[in-house]
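Hi,

Here is the structure I said I would pass on. Have a look at it first, and then read on for what turned up.

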Amino acid sequence: EAVKVGSLVLEGLDMDGDMANFGKMSLNDITLSEEGEDVEVKLGSIELINPSPELAGWLAASLSGQEVPFPAADKIVFDSWSMNGLTGDFADTEAEGTFGIDKIEIRDMTDLSAAKAVISGISVNGTDESEGATFDVSLGSMTATNVDAKFVQAIQENIDDEEAMMSALMGLAYDNPMEPGYDAFTLDDLSIDVAGASFAIPSIVSGVERNAAGQAVKFITQPYTMTLKADAAGGDAGEAILQGLSVVGYEELEMKGAGVATYDPDQDILAFAAGENYIELIDGAKISLGGKIEGYADATRKMNAAMDFEALAAGAEPDPMAMQAAFSDLTFHNFELSIADDSLLDRAFNAAATAQGADPAELKGQIGMGLAMAPMMAQGSGGDMALVTEATTALSSFINDGGTLTLKLDPETPLSVASIMANPDPAAYTKDSLGFSATQK
């Protein structure tokens, strides 16, 4: 591999104890190429400001041709690191094209945390050699604040063992599942065009609120939009997607969503309201979820302890008994599911009727008859007839008339998974004890 540097500038050279250091390093006009490979990468500049002595020492040794170990993750400290103007091209038996990144910047890296990380102006485009399909991927920018760099440490410590690295990364993720690893995250202008299929997200903005101890207590994802479009003339993917969409009467899809949840770390209770947590298919349906669940983080940690990620990576199956035990302490204080139909039901029945050569109204009638018979069929099971009747009546009305179907659970006492497993008798769960309701409006 060959590396060419137009210029190297070191400013603020000084001694930090018995170690040499500098205030700022700039590498400019960099070219990287590899013998025998049809790939060339160019960098406008790399800049590092106020690094730790350990990081500065590693850089000095590396630039002089010495092979020295990279500093430990907790020694990677600096005020700013940035890379600007990355461009390159690639060509192999599968694809050829170009790629670029305008800028990557990490600010105030210390104690395995970065105050801000930004990547902007990503682009990848080219042609698939086997099928001749074109692809074009671009991202305006992606920004995160107060980024937890413990994942970097896990990667570094297991760099020579892929399975151990995966196990370490998954362990970090599951050990504190309510910790997203940032305070705020923003994504702008994501666009993916592949062989006639186009997917886009104009913007996603999410954030975390924390208590005085630094624990995450609120999670917010602001309303966002996603679109999927297809052009049959653009390639096989576009043709296939357009054909699939046409079955249910769409030419393109637009989806919206949002989310707000609060978390009590002392009680391990996650709460979210149906009005604030939804995903919506425009001119289709809107699904909203609400609930109050206790034991989520603890269950996730137990699942992590019960799973061997290295074995899973090698193809092993998770232990179902261990998984069941992990989630046995989950407790539901309440739960709500709401589905607001806006043509999706008719689209689905029309598609099913067309496939079967039947009339949509006939299919609805058949399902309605089945639901009407459900209470009679359930009599012998011991289930609460009031619950079954209310549920099937609401579902039948929803299928026939559309509107909004809402299912709620608000039990007298919180309902744990462990109690359900200990007593699976349907008779134990009545409409009143579960606080169950089903409505169609």
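In which strand is D29 found? D29 belongs to β4, which covers residues 24-33; helices (H or I, at least four residues) and strands (E, at least two) are DSSP runs, numbered from the N terminus.

Before the rest, a word on the ground rules. This is a predicted model, where local features need pLDDT of at least 70 and side-chain atom pairs count only at pLDDT 80 or more, while totals for chains, interfaces and linings use all residues. Residues are numbered from 1 along each chain as its sequence is written, and side-chain values use heavy atoms, with hydrogens and water left out.

Back to the backbone. Most residues other than glycine have a negative phi. D29 has a positive phi of about 50° although it is not a glycine, and D268 also has a positive value, near 55°. D268 sits in the loop between β13 (252-264) and β14 (269-272). Are these two buried or exposed? Buried means under 20% relative accessible area, exposed over 50%, and partly exposed in between (1.4 Å probe, protein chains only). D29 is exposed because its relative accessibility is 55%, whereas D268, at 10%, counts as buried.

Next, the aromatic rings. Rings of Phe, Tyr and Trp (its six-membered ring) pair if their centres lie within 6.5 Å; planes under 30 degrees apart count as stacked, over 60 as edge-to-face and the rest as tilted. There are 3 aromatic pairs by this rule. One of them joins W58 and F70, whose ring centres are 4.7 Å apart with planes at 85°, so this pair is edge-to-face. W58 is in helix α1 (residues 53-63) and F70 in the loop between α1 and β6 (78-91), so the pair ties together parts 12 residues apart in sequence. W58 is partly exposed at 23%, and F70 is partly exposed at 41%. Y182 and F185 make a tilted pair, 5.9 Å centre to centre with 45° between the planes.

Two charges sit over rings too, meaning that NZ of Lys or CZ of Arg is within 6 Å of the ring centre and within 35 degrees of the ring normal. K286 lies over the face of Y278, 4.4 Å from the ring centre, and the charged end of R347 is over the ring of Y250, 3.8 Å from its centre.

Last, look at helix α5 (residues 296-306), where the buried residues are A297, A299, T300, M303 and N304. Seen down the axis of α5, these buried residues fall within an arc of 160° (taken from the directions from the helix axis to the C-beta atoms), so they line one face of the helix.

Cheers
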